[in-house]
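Here are a few notes from my pass through this one. Have a look at the sequence and the fold first, then read on.

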Amino acid sequence: MEKTQDRSNFSGRVGFILAAAGSAVGLGNLWRFPYLAAKYGGGIFLLVYLLLAVTFGFVLMTTEIAIGRKTRLSPLGAFGKLHSKWKGLGYLATLVPVIILPYYSVIGGWVMKYGATMIAGQVGQASDDNYFGAFISQTASPLLWLFLFATVTMIVVFLGVDKGIEKLSKILMPILVLLSIGLSIFVITRPGAMEGVVYYLKPDFTKLTLKTVVAALGQLFYSMSLAMGIMVTYGSYVSSDDHIEKSVRQIEIFDTAIAFLAGLMIVPAVFVFSGGNEAALGKGPSLMFVTLPKVFNDMKFGNVIGAAFFILVFFAALTSSISIMEAIVASMDDKFKLGRKKSTIVVYLFTILVGAVISLGFGVLDNVKILGLGLLDFFDFISNSVLMPIVALLTCILIGFILKPDIIINEVELNGPFKVKKVYSVMIKWIAPLFLVAILVSSVLDVFGIYTI
């Protein structure tokens with residue numbers, strides 16, 4: 001596959017940074033990051049995550065964006081263009097967003113539902129212990145919200161890179177930042193919130209364990225859209241005039257800041273609600289849909305705050321789902337030459353069909369288990385705990401040992417010096433692969449109950 005003359009491009013560096021940051025800022029930041037921070041010791045998890053983001057995360061994101069810009073192809077063709085014997089890695093990288101998009105859209109539909117509930121002034125109903133379980137076990141209602149979320153995603157991708165993805169990102173990302181800051185300020189100024197702020201910000205080194213490090217590593221993939229083919233795809237739209245190293249640093253700052261603010265919203269809010277009981281933070285994935293409505297119901301102006309929060313989460317989920325769909329659409333277009341519009345429609349229909357099956361896994365198909373996991377949990381495990389570490393590990397091997405790090409360094413230095421190129425070479429060859437093996441092994445052992453992270 002050769003570079004095509006009519007390939008889409010971002011209009012400029014700002015558009016690329018906001019679109020890439022929009023991809024990175026998603027449910028991983030606003031849903032997953034806060035409950036992991038709460039579960040693994042608050043401040044110590046935050047510290048470990050920040051250290052890994054500026055090292056491990058920086059290396060992987062730089063690599064993927066550089067591969068995309070160098071090849072001007074989606075991951076399906078990019079790896080094969082770099083090395084003819086590594087085409088399979090492109091197919092593996094493309095499989096990740098194909099698996100993620102349907103179940104991500106299911107959760108995105110849940111977020112839309114809760115946003116509508118808050119706007120309707122029904123925070124009291126949403127705070128009931130059985131509300132969430134009763135909703136997701138239905139047939140029609142979750143499917144309707146899945147359809148709405150996937151349709152909005154499809155429309156933006158259908159419009160293209162500059163008129164759709166970039167334009168929406170320029171609107172939503174500043175709004176998302178302002179909402180995050182506003183809600184964080186509101187929460188931390190509530191009576192009793194400061195105890196939660198201290199828990200979240202002050203590292204307790206007695207809680208530093210291997211489990212904390214592995215959890216933070218796994219969160220990086222979720223939070224920064226790594227090993228999903230997304231950054232390779234977005235990199236293929238980047239101008240040769242843009243400085244990759246600077247762009248990656250700015251994307252990281254944007255993404256990490258939103259994750260930090262999400263924790264600053266949620267952890268102290270739950271502290272206030274629970275009267276300082278740390279056990280209330282251990283609700284895991286249900287923290288956003290079960291615990292937070294109780295928090296909002298206990299607040300003055302809870303409907304307004306709850307509505308603002310779920311609108312914020314919806315914006316974040318939407319910018320990420322757009323990037324996931326775009327990665328698949330770009331790969332289909334590169335491979336089959338269907339054109340953007342036809343490729344988008346095919347991916348959209350696939351998302352609705354598979355997403356519907358996953359949604360029904362909480363209702364009429366709740367008895368269907370794979371490896372003892374429900375449908376959504378299984379797809380999440382395969383994509384995030386197995387395929388993503390494998391894709392990232394193989395990418396490190398390809399760049400570090402087969403092609404050598406200079407292929408990325410030279411691409412980055414098209415626009416100036418790569419200030420940390422020596423550190424990059426060591427990380428991509430030795431340190432990152434060790435981290436990735438640790439994630440893969442611990443995640444697989446965990447699902448089989450051999451080792452609990």
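This is a predicted model: local features need pLDDT of at least 70, side-chain atom pairs count only at pLDDT 80 or more; totals for chains, interfaces and linings use all residues.

**Notes on the model**

1. Let's start with Tyr103. Setting aside neighbours within four places in sequence, Tyr103 touches Tyr222, Ile358, Leu376, Phe379, Asp380, Ser383 and Asn384. Tyr103 sits in helix H5, residues 87-119, and is buried, with a relative accessible area of 1%.

2. Mean pLDDT for the chain is 88, with 94% of residues at 70 or more. Residues 1-5 fall below 50, and that stretch has ten contacts in the model beyond near neighbours in sequence.

3. Ile358, one of the contacts of Tyr103, is among the buried residues of H16. The others buried in that helix include Arg340, Tyr348 and Leu360. H16 covers residues 340-360, and its 21 residues reach 30 Å from first C-alpha to last, close to the 30 Å expected at 1.5 Å a residue.

4. How do H1 and H15 cross, and at roughly what angle? The axes of H1 (residues 13-24) and H15 (residues 302-336) come within 7 Å and cross at roughly 105°. Angles of 65 to 115 degrees count as roughly perpendicular, so H1 is roughly perpendicular to H15. On the H1 side the contact is made by Gly22, Ser23 and Ala24, and on the H15 side by Ala316, Thr319, Ser320 and Ser323. By class, that contact has two nonpolar, five polar and no charged residues.

How values were computed:
Residues are numbered from 1 along each chain as its sequence is written. Side-chain values use heavy atoms; hydrogens and water are left out. Axes are lines fitted to C-alpha atoms, for helices over the stretch in contact, and angles run from 0 to 180 degrees between N-to-C directions. Helices (H or I, at least four residues) and strands (E, at least two) are DSSP runs, numbered from the N terminus. Angles under 35 degrees count as roughly parallel, over 145 as roughly antiparallel, 65 to 115 as roughly perpendicular and the rest as oblique. Contact means heavy atoms within 4.5 Å. Ala, Val, Leu, Ile, Met, Phe, Trp, Tyr, Cys and Pro count as nonpolar, Asp, Glu, Lys and Arg as charged, and the others, Gly among them, as polar. pLDDT is the predictor's confidence in each residue, from 0 to 100. The expected span of a helix is 1.5 Å times one less than its number of residues. Buried means under 20% relative accessible area, exposed over 50%, partly exposed in between (1.4 Å probe, protein chains only).
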